[in-house]
Every structure is written in structure tokens, then in C-alpha cells.
Amino acid sequence: MALDIQPVHPLTSRAHKKEDTVIRIGNHTIGGGTLTLIGGPCSIESVDQVMSVADSVKNAGGQVLRGGAFKPRTSPYSFQGLGGDGLKILKKAGDKTGIPVITEVMSTEDFDEVEKSADIIQIGARNMQNFHLLKRAGMSRKPILLKRGLSATIDEWLNAAEYILAEGNSQVILCERGIRTFENYTRNTLDLSAIVAVKTLSHLPVIIDPSHATGRREMVPAMAKAAVAAGADGLMIEVHNDPENALCDGPQSLRPEEFEKLAKELRKIHEVVNND
Ligand code: PEP
Ligand code: MN
């Protein structure tokens with residue numbers, strides 16, 4: 001009897017494509033041995049806030065500015081984001097500082113609008129298995145950053161990526177952001193082993209979000225460094241100019257000077273890891 005050796009998610013698989021997928025964003029490339037640093041606030045709150053953080057991210061050597069306009073919040077009474085107005089602020093900050101931007105899309109309804117403003121489109125953990133959204137992302141020509149679901153296995157995560165590739169968009173970046181375990185000292189548990197697993201199983205770049213993985217500012221630098229040492233292609237880190245008064249995720253946000261210091265350390269570790 002012939003064995004079925006087809007991988008379950010063929011297009012994302014290393015068996016299908018041996019070389020790393022490299023994604024070009026402006027004059028920067030993600031994957032294939034580079035280090036990508038994405039920084040910015042959890043949520044877009046105001047013009048001044050985003051402009052200030054954008055300058056800090058750029059000065060620290062970050063390549064992409066993040067900021068949420070459509071926010072997936074656990075409570076319906078929490079700040080839900082500025083929506084379309086937030087997208088405009090983010091785009092303006094990106095244009096002014098000359099830095100590409102990433103923002104989350106939560107529904108197919110908002111996809112066209114987000115697609116126009118963003119250089120990279122984020123699909124959040126809660127929507128990892130929103131198959132309509134994944135299919136729409138697959139029809140986009142923009143790179144998609146796909147976060148791992150709250151309790152998703154690596155296989156489910158790669159299958160979610162497969163949905164995007166199957167529709168014709170091969171520019172997918174995987175993002176590990178911590179998974180749900182019994183431990184509640186941290187917001188989630190960072191699965192560092194996922195970096196090695198995903199890079200073995202797939203050709204897609206993988207980046208780590210140590211902010212949502214830990215929920216604690218004091219843990220972000222150590223986890224970020226561990227991720228680069230483990231072979232991650234980059235980091236997405238929350239940065240806020242006034243974390244005490246942030247409308248979302250202040251306790252896990254680095255201050256600009258902390259991000260700048262960390263960025264320098266990460267570049268050193270990346271150099272060591274990539275010069276063997
Ligand atoms: C975010 O990056 O703003 C976010 C909501 O993250 P996650 O989907 O990982 O919870
Ligand atoms: Mn956040």
C-alpha cells in the first residue's frame with residue numbers, strides 16, 4: 001500500500017519549498033537571516049502619541065511601526081480602538097517618518113480599508129481560525145502577519161497559514177505571541193520551542209511577540225533576547241511614550257529608551273547567532 005507522504009499543509013511546508021521565504025517591505029527584507037524589529041503602541045490613541053512613538057522606533061533602528069486601530073478586547077466596555085480614524089493617524093506617522101506600518105484587521109468588512117493603509121496586515125490570535133478572513137487575506141497582495149491562536153497547536157497554526165497561501169498570497173509571517181497554559185503569573189506562556197518547530201516544518205519567517213506572551217514589561221527584554229538566540233526572524237514589541245496612561249496594555253509596554261537599549265542588545269545577539 002502506498003503511503004500518503006503529502007504534508008497536511010503542503011504550501012507552507014519545507015518539503016514544498018526548501019529556501020526561506022523572504023518578504024520585502026520598502027528597503028527591508030523579513031526572513032532569510034535578517035533581524036526585523038517591529039515596535040509601537042498596542043493601540044493608536046492620538047496623533048501626538050503615534051508620532052512620538054514612531055520617531056522613537058525609527059531612532060532605535062526599528063523597521064516597522066505597529067499600532068492597533070481595530071482592537072480585539074476581552075471586555076466590550078474596554079477601549080475598542082479608533083477604527084478608521086486610527087488608520088489615518090498610523091498612515092500619516094508612517095509616511096512622515098518613512099517607516100512601514102502594521103495594523104490588525106478583525107473582519108472581512110474592514111479589510112479593504114485596512115489594506116489601503118497598512119504595509120503589513122495583522123491577523124490576531126483570536127482570528128487565527130477565522131477562515132473567511134484568512135481567505136480574504138489570501139487574495140491580498142500585502143504581506144500578512146498571522147498570530148498563533150490562544151490555544152492553537154503548531155499544526156493548526158500552519159493550516160491557518162495554508163489558507164492564505166492556498167488563495168495565492170505567499171507573503172506570510174508567522175508570529176508566536178504566547179499560548180494559554182495553567183500558569184497565570186504571566187499573561188500567556190511564550191513557546192520558544194515553536195521557533196525551531198516552525199522553522200523546521202516551514203519556510204515562512206517567524207517572529208516573536210514577547211509583550212503579549214508575558215504581559216509584563218520586566219520580562220520583555222529577556223524573552224526577546226531568548227527568541228533571537230533561538231533563531232527568530234524578528235520581534236514585535238509594544239512601545240508607549242506614557243505607559244502609565246496607556247489606553248491598552250500599558251503594563252507590558254516598553255518605554256522608548258528601554259526599546260532603544262533592547263534593540264541594540266538584540267542586534268548583538270543576532271550577529272553572534274548568525275556568524276557561526
Ligand atoms: C495585538 O498585537 O495588538 C494583539 C491584540 O495581539 P494578540 O492577537 O496576540 O492578542
Ligand atoms: Mn496589546
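Q: Ser-140: buried or exposed?
A: Ser-140 counts as buried, because its relative accessibility is 0%. The cut-off for buried is under 20% relative accessible area. Keep in mind that this is a predicted model.

Q: Where in the chain is Ser-140?
A: Look in the loop between α4 (131–138) and β7 (144–147).

Q: Which residues does Ser-140 touch?
A: Set aside residues up to four places away in sequence. Ser-140 then touches Phe-111, Glu-115, Ile-121 and Asn-169. With Glu-115 there is also a polar contact, side chain to side chain, at 2.6 Å.

Q: Now α4 itself. Which of its residues are buried?
A: They are Leu-133, Leu-134, Arg-136, Ala-137 and Gly-138. These buried residues pack against α3 (111–117), β6 (120–123), β7 and α5.

Q: How many bridges join β3 and β4?
A: Two bridges join β3 (residues 36–40) to β4 (residues 64–66), in the parallel sense. Within this pair, Gly-39 stands opposite Leu-65 in β4.

Q: Next, the metal. Which residues coordinate the manganese ion (ligand 2)?
A: Four residues supply the donor atoms: Cys-42 (SG), His-212 (NE2), Glu-238 (OE) and Asp-249 (OD). The distances run from 2.0 to 2.4 Å.

Q: How are the donor residues of the manganese ion spaced in sequence?
A: The pattern is C-x169-H-x25-E-x10-D. Take His-212 and Asp-249. His-212 lies in helix α7 (residues 210–214), while Asp-249 is in the loop between β10 (234–238) and α9 (256–274), so the pair ties together parts that are 37 residues apart in sequence.

Q: His-212 and Asp-249: buried or exposed?
A: Both are buried. For Asp-249, the relative accessible area is 16%.

Q: What is phi of Asp-249 near?
A: Phi is near 60° there. That is a positive value in a residue other than glycine.

Q: One last residue. Where is Ala-60 found?
A: Ala-60 is in the loop between α1 (47–59) and β4. Ala-60 counts as buried because its relative accessibility is 3%.

Q: Which residues is Ala-60 in contact with?
A: Leave aside neighbours within four places in sequence. The contacts are Phe-259, Glu-260, Ala-263 and Arg-267.

Q: What separates the C-alpha atoms of Ala-60 and Glu-156?
A: They are separated by 35 Å. Along the chain, these two residues are 96 residues apart.

Note on methods
Residues numbered from 1 in each chain as written. Chains lettered and ligands numbered in written order. Predicted model: local features only at pLDDT ≥ 70, side-chain atom pairs only at ≥ 80, totals over all residues. Heavy atoms only, no water. Donors = N, O, S within 2.8 Å, 3.2 Å for Na, K, Ca; no water. Helix = DSSP H or I, 4+ residues; strand = E, 2+ residues; numbered from the N terminus. Buried < 20%, exposed > 50% of the residue type's maximum accessible area, 1.4 Å probe, protein only. Polar contact = N/O pair within 3.5 Å; in protein donor to acceptor, adjacent residues only side chain to side chain. Contact = heavy atoms within 4.5 Å. Pairing = 2+ DSSP bridges.
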